[in-house]
Amino acid sequence: LDTWLNPAAGRTHVDIMVPATALDQVKAELQNVSATFRVMIADVEAAIKDENPALSESELEELEGRKGHRMTFQNYHRVSDIHGYLDYLAQTFPDLVSVQTIGSSIEGRPLKMIKITGAKAGPKPAFYIDGGIHAREWISPASVSYIIQELVENREKYAFADSIDFYIVPVVNPDGYEYTHNGMRLWRKNRKDAQKGRCAGTDLNRNFGYKWGGAGSSRDPCQEIYAGSGPFSEPETQAIRNFVSSLGTRVRGYVTFHSYGQYILYPWGYDKKVPPDYTDLDRIGKMAAKKMREVGGASYTVGNSASLLYAASGGADDWAKGGPRVKYTYTIELRDRGRFGFLLPANYIVPTGKEAFAAIQTISEEIAATG
Ligand code: 0X9
Ligand code: ZN
């Protein structure tokens with residue numbers, strides 16, 4: 001069985017994917033132990049076919065000719081389209097935007113970061129945002145791309161954007177992400193050792209070097225939560241560590257987007273403990289949830305990561321809080337709550353992107369106000 005979502009506080013169910021051949025047996029076992037169950041997705045393969053009606057090459061070329069890039073928010077895109085959009089923005093708005101490659105993935109793909117500069121003079125607080133640590137969580141890079149669009153192309157609407165420098169990596173795990181497009185749709189990890197005929201992939205969200213290797217992570221490369229051979233053993237997590245560290249004490253926000261479940265999580269993730277300033281994190285988190293609901297309609301639950309979900313060590317958020325001590329550090333689990341799970345149809349990109357942007361706006365306004 002493949003667990004998509006574990007049980008959590010206030011949620012007494014678990015989402016599991018069952019091979020068709022095992023379905024009758026699993027149903028019988030569940031009935032045996034008087035567990036109630038509901039089929040959420042009757043045919044995963046059919047759901048995969050439905051989620052992302054592909055644009056043809058000619059439609060993509062038409063788009064590129066008309067707009068200068070291939071990005072839409074009606075479809076999930078390949079890494080090259082997402083990176084192409086960043087390059088287009090840098091060319092079109094050279095005073096505001098620049099693109100930098102902060103490292104390379106295991107398979108040699110660039111880890112591209114877009115910097116969106118605040119218009120105000122002088123040193124400004126920095127806000128680091130990323131997506132796509134987990135390959136199969138397609139709504140994450142899509143929503144982060146939506147955030148980038150708002151910050152650049154609709155900039156005049158947002159006063160806070162003048163007083164913050166944003167640093168955004170939409171696809172932290174490009175190898176895994178590409179593999180979900182051309183290999184296994186439900187792949188989670190990076191593609192470490194994929195060519196070597198053993199179990200492939202490190203869970204990048206278990207590979208960060210704060211409380212690495214503790215609860216909720218595994219030393220077994222065959223597990224979905226394999227933490228890697230050591231803290232920061234992977235080039236993707238190294239690149240983030242090096243880049244965020246280079247920003248120094250300017251960094252006031254760190255948000256990493258995942259799916260699914262609709263949660264705004266704050267540290268710690270390694271244990272059911274909270275950082276000393278968790279009341280601030282909780283207050284801003286709840287303001288974000290309220291705004292997200294207003295703009296997109298979905299409800300998000302706010303709380304400490306290990307208490308609300310499960311303990312999991314080596315996460316990016318714990319490192320951001322425990323290493324460079326970033327004040328507003330969150331993991332946001334985007335839509336949905338299990339109806340489609342990882343296979344969220346592409347027509348949900350815009351409402352979910354609006355929610356993601358509302359969260360960034362709320363946190364940014366706090367950062368801009370407090371300096
Ligand atoms: O388990 C994870 O890495 C995240 N959930 S997901 O379903 N997207 O895989 C939650 C991470 C929360 N943060 C920490 N545990 N540090
Ligand atoms: Zn994830």
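**Exercise 1. Decide whether histidine 134 is buried or exposed in this predicted model, and trace its part in the zinc site.**

Step 1. Histidine 134 has 4% relative accessibility, so it counts as buried (buried is under 20% relative accessible area, exposed over 50%, partly exposed in between, with a 1.4 Å probe and protein chains only).

Step 2. Now look at the metal. His134 (ND1), Glu137 (OE), Glu137 (OE) and His258 (ND1) coordinate the zinc ion (ligand 2) at 2.0 to 2.3 Å. Donors here are N, O and S atoms within 2.8 Å of the metal (3.2 Å for Na, K and Ca); water is not among the atoms, so sites may look incomplete.

Step 3. Along the chain, the donors show the spacing H-x2-E-x120-H. Histidine 134 sits in the loop between β5 (126-131) and α5, while histidine 258 belongs to strand β7 (residues 251-259); the pair is 124 residues apart and links distant parts of the chain. Helices (H or I, at least four residues) and strands (E, at least two) are DSSP runs, numbered from the N terminus.

A word on conventions: the model is predicted, so local features need pLDDT of at least 70 and side-chain atom pairs pLDDT 80 or more, while totals for chains, interfaces and linings use all residues. Residues are numbered from 1 along each chain, chains are lettered from A and ligands numbered from 1 in the order written, and side-chain values use heavy atoms, without hydrogens and water.

**Exercise 2. Describe how α5 packs with α11.**

Step 1. The two helices pack at an angle of about 65°, with their axes 8 Å apart. Axes are lines fitted to C-alpha atoms, for helices over the stretch in contact, and angles run from 0 to 180 degrees between N-to-C directions.

Step 2. Residues making the contact include Ser143 and Tyr146 of α5 and Thr352 and Phe357 of α11.

Step 3. Sort them by class: the contact of α5 with α11 has 9 nonpolar, 3 polar and 2 charged residues. Ala, Val, Leu, Ile, Met, Phe, Trp, Tyr, Cys and Pro count as nonpolar, Asp, Glu, Lys and Arg as charged, and the others, Gly among them, as polar.

How values were computed:
Contact means heavy atoms within 4.5 Å.
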